[in-house]
Structures are given as structure tokens and as C-alpha cells.
Amino acid sequence: MIDDHRKIKLLMALRNQGVRDQRVLEAIETVPRELFLEEIFAGRAYDDNALPISCGQTISQPFIVAFMTDRLKLDKRHKVLEIGTGSGYQTAILSQLCRRIYTIERYRTLAAQAGERFKTLQLTNITQMVGDGAKGWPNQAPFDRIIVTAAATEIPPPLLEQLAEGGIMIIPLESAPGKQDLVRVTRTGAGYDRESLLPVRFVPLVEGVAKEI
Ligand code: SAH
């Protein structure tokens, strides 16, 4: 009951902050965020905050997840690439709104935990890989949508190449030391259009697969 009340409050706040796509709000309502958190944080699942997960990483704030998903303008036919599976929460939200999602994580532990959650929720349109997301997923390209949930200093060129024409990518980019902007890139026939959406704070995009598990 308490959770229901908090969830409704969160959904109203998201709408007030510009998340307009009803399907995105429905996905937030459907996917149990508590399942993606360490047990000690389960009571805070519907607070609008980022929280720590394993391997020194974070699960993104619900507003950021909803906002990025909204601005991706997804439809059910889309094939999506996600870099930075983390807890798998953003993946689960995206899986509700597209045909298939390919998600890459550099920590084995996080990928395995996320995989268990996808199984529990019977999300069957998710394909996972442990690897360096900056390289993309060449043999599944092109992608209609690409979402990166860790901050880079510049857009990894393979991701630009693997974006379909007419496709959209959303990625946090460091514009100055300590300053990040959420950037939306649209691939057109002529090249790539860029727009800045929002100041944000993400963990860094790190090259290579993690040596630690
Ligand atoms: N969307 C996730 C966010 C996790 S934080 C969630 O809400 O839970 C970002 C994740 O990106 C971390 O798990 C981190 O390990 C991962 N990451 C960072 N650099 C990466 C890279 N080069 N390739 C794949 N994953 C990467």
C-alpha cells in the first residue's frame, strides 16, 4: 500500500517534469524497481534518487530513466542497443517499449545479477553481453536506437557507425571537467544532428572489460 502511494507520487512528479509519453509512465508503473536494488534499499525504490549497486556503480534516478526513455521516441518495431546494463532497470523499462534490446555491461557480476532479474520478470526480448560497450555490437548493427548510461568524453565512433539512418542515440557527455550534458544525436541522410537536453551526473564510461568480477 505504502509502495502504491509512493509510486503514484513518483509518476505524477515524472509527468510534471516533462515525461509525457504515457507508455513510458506505464512502463515505470509496471516494472518493480525494488527488484533491481540491494535489499537494504528496497524501501526507497520509489524515491526519485540514484542508489548504489554492486561493483561501485549506481542505478539511475527514476526521472533520468524515464526522461531518457521518453526522449528516445521508441516504438515496438525498434531494435535497441544499451551500453551499461548496471542493475538492468533501464533495460527492463526499454524492453517494454521495443522489439528487442541488446545490452552490454563490463562487470560480469552486474550482468549476471541483471540476467536473473530478467528471468524472474520473464523479459524474453533482452540479449546480454559482457564486454566493452564503446565498441558497440557490430554483428547486430544497425540499431534504431542507442542509449548509453555512462558518461564519455566523446561519442565512441563505433556507436555512431552502428546507428541506423533516422536513428536516435542518447548519451551523457562530459562537456568540461565535472560537467556532463545529456546529448541526443539523430542520424540523418546528411550526417548527425546534435542537441543538448539536460545537465546530468553519470558514472564514467570505462574502456575494456572489468578485470575485477
Ligand atoms: N542503467 C543502469 C546504469 C548503471 S551505471 C541502471 O540504471 O542500473 C552505468 C553502468 O555502465 C555501470 O554498470 C558500468 O559498469 C557500465 N559501464 C561503464 N563503462 C562501460 C563500458 N565501456 N562498457 C559496458 N558497460 C560499461
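Reply: Let us begin with a term: a residue is called buried if its relative accessible area is under 20%, exposed if that area is over 50%, and partly exposed in between. Please also keep in mind that this is a predicted model.

Me: Which residues in α3 are buried?

Reply: Among them are Pro-62, Phe-63, Ile-64, Val-65 and Ala-66. Phe-67, Met-68, Thr-69, Asp-70 and Leu-72 are buried in α3 as well.

Me: And what follows α3?

Reply: Lys-73 follows α3, and its phi is positive, near 50°.

Me: Which residues come nearest to the ligand?

Reply: There are 23 residues around the ligand, and Ser-87, Glu-105, Asp-132, Gly-133 and Val-206 come nearest. By class, the shell contains 9 nonpolar, 11 polar and 3 charged residues.

Me: What is the distance from the ligand to the side chain of Glu-105?

Reply: An oxygen atom of the ligand lies 2.7 Å from an N or O atom in the side chain of Glu-105. For Thr-149, a nitrogen atom of the ligand is 3.4 Å from an N or O atom in the side chain.

Me: How much of the ligand does the protein bury?

Reply: Taken alone, the ligand exposes 580 Å², and the protein buries 99% of that.

Me: New topic, the backbone. Where is there a cis peptide bond?

Reply: A cis peptide bond joins Ala-141 and Pro-142, with omega at about 0°. Pro-142 is located in the loop between β5 (126-130) and β6.

Me: What is the phi of Cys-55?

Reply: The phi of Cys-55 is near 60°, which is a positive value in a residue other than glycine. Cys-55 is part of the loop between β1 (51-52) and β2.

Me: And what about Gln-122?

Reply: Gln-122 is not a glycine, yet it has a positive phi of about 55°. Its place is the loop between α5 (108-120) and β5.

Me: Now the strands. Where is Val-130, and why does it count as partly exposed?

Reply: Val-130 lies in strand β5. It counts as partly exposed because its relative accessibility is 27%. The C-alpha atoms of Val-130 and Tyr-107 are separated by 6.8 Å, although these two residues are 23 residues apart along the chain.

Me: One last residue. Where is Asp-144?

Reply: Asp-144 is in strand β6, which covers residues 143-148. Its relative accessibility is 24%, so Asp-144 counts as partly exposed. Asp-144 and Leu-163 are 19 residues apart along the chain, and their C-alpha atoms are separated by 6.3 Å.

Notes
Residues numbered from 1 in each chain as written. Predicted model: local features only at pLDDT ≥ 70, side-chain atom pairs only at ≥ 80, totals over all residues. Heavy atoms only, no water. Near = heavy atom within 4 Å. Polar contact = N/O pair within 3.5 Å; in protein donor to acceptor, adjacent residues only side chain to side chain. Areas by Shrake-Rupley, 256 points an atom, 1.4 Å probe, with all protein chains shown as cover. Nonpolar A, V, L, I, M, F, W, Y, C, P; charged D, E, K, R; others polar. Helix = DSSP H or I, 4+ residues; strand = E, 2+ residues; numbered from the N terminus. Buried < 20%, exposed > 50% of the residue type's maximum accessible area, 1.4 Å probe, protein only.
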